[in-house]
2 protein chains.
Amino acid sequence: MNKKELAPLIIGKLLNIGGMLQKKGNKLLLPFNLNQQQFSILFSIEQKKKVNQKNMINKLVLEKAHVSKVVKKLYNMGLIDIETSSEDKRSSWLSITKKGQDTLEKCKEYIEKWNEEWVSEIDKDQLYVLLDSLTNLQNIFKNQIENK
Amino acid sequence: MNKKELAPLIIGKLLNIGGMLQKKGNKLLLPFNLNQQQFSILFSIEQKKKVNQKNMINKLVLEKAHVSKVVKKLYNMGLIDIETSSEDKRSSWLSITKKGQDTLEKCKEYIEKWNEEWVSEIDKDQLYVLLDSLTNLQNIFKNQIENK
DNA sequence: ATTAATTAGTTTCCTTGTCAACTAATTAAT
DNA sequence: ATTAATTAGTTGACAAGGAAACTAATTAAT
């Protein structure tokens, strides 16, 4: 097989796997009233201590309108705080609350439990190789998509 | 790094890449009034000559309500034919029309053009390795998800 | 200094995708 | 044979996600 034939197979599988993971994530997080995307935004707010919406849009390749809505939802659920920035009044700093922390911890437990299941079927070396290829792909796609 | 740490990194990247590809696909297919999912359903109808909705739900891991609506859309666009099955009157055979064929061909051209771009940045061996790992992952996830 | 351009985030409108309840056909159980 | 259970697909209600137009603040250009 040449590259031209390999490409669509890989794209197909990536799309398929991505879809399955998204659905699985949604199901896992259902008890917390969050879906996979909302979780990833919450997670990303926890990671860096001070974030605004723009940071996350860049990092997670999300639509700004979408982020805006999720941020509002997380705030209404009491999971994050919103503090208007003094440097730039257009944007505000997002930070995770105690309740948000707790929720996140519980979510992570659920996710870890599932990870242990599937990861047990693959050996460590293959995981490393896979992580490498995915990082590579991720960068390539990110560049391609950003440049137009 | 142990497996426990590798797992979430891999999942994160797969979700991120999946999201980027879906968006890219939607953008590429915009001129044809199709999105990535609708394309994949149309594509899947072309592949096997006779399919019903159930076949596709299994193969593509999609919601049956969703498939039902997409099928209706494709039919309204004149891209597929629907012929009630004589063996089982609940279901019908889906087949691609001439117009559907043509559309599909054009879509594929666009997609191929894009594939050539990104694929040029990776060497063939890595593509093979990646395809292998992805196939492996795909099967693992598919089983995990199907068994509850 | 004033105007123009850019940027962060919001709102509105619309399409997509999901869930649950439903219909009608088929199969299994007694 | 009749009833019960299962199955293929549809429908309606609703949440999620995206595009575009918009507001208000900031920065650049003259």
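This is a predicted model: local features need pLDDT of at least 70, side-chain atom pairs count only at pLDDT 80 or more; totals for chains, interfaces and linings use all residues.

**Where the chains meet**

I started with salt bridges: the rule finds 2 across the interface of chain A and chain B. I looked one of them up, and it joins the side chains of A:Lys4 and B:Glu112, at 4.0 Å from N to O.

Next I checked polar contacts, and 16 residue pairs make them across the interface of chain A and chain B, both partners at pLDDT 80 or more. Which elements of chain A give two or more residues to the side that touches chain B? I got helix H1 (3-29), helix H5 (98-119) and helix H6 (124-146). H1(A) has the largest share, with 19 residues. Sorted by class, that side of chain A holds 29 nonpolar, 13 polar and 13 charged residues.

Then I went for area. About 5,800 Å² is buried between chain A and chain B, and carbon and sulfur atoms give 70% of that. A:Lys3, A:Met20 and A:Gln144 supply 11% of what chain A buries against chain B, more than any other three residues.

**Around DNA strand D**

I found 24 residues surrounding DNA strand D, with A:Lys69 and B:Arg90 among the closest. By class they are 2 nonpolar, 9 polar and 13 charged.

B:Ser68 goes to a phosphate oxygen instead, with a polar side-chain atom at 2.6 Å.

Definitions and conventions:
Residues are numbered from 1 along each chain as its sequence is written. Chains are lettered from A and ligands numbered from 1 in the order in which they are written. Side-chain values use heavy atoms; hydrogens and water are left out. A residue is near a molecule or strand if one of its heavy atoms lies within 4 Å of it. A polar contact is a pair of N or O atoms within 3.5 Å; within protein, one must be able to donate a hydrogen and the other to accept it, and residues adjacent in sequence count only if both atoms are side-chain atoms. Ala, Val, Leu, Ile, Met, Phe, Trp, Tyr, Cys and Pro count as nonpolar, Asp, Glu, Lys and Arg as charged, and the others, Gly among them, as polar. Buried area is the accessible area (1.4 Å probe) that two parts lose on being put together, summed over both. Helices (H or I, at least four residues) and strands (E, at least two) are DSSP runs, numbered from the N terminus.
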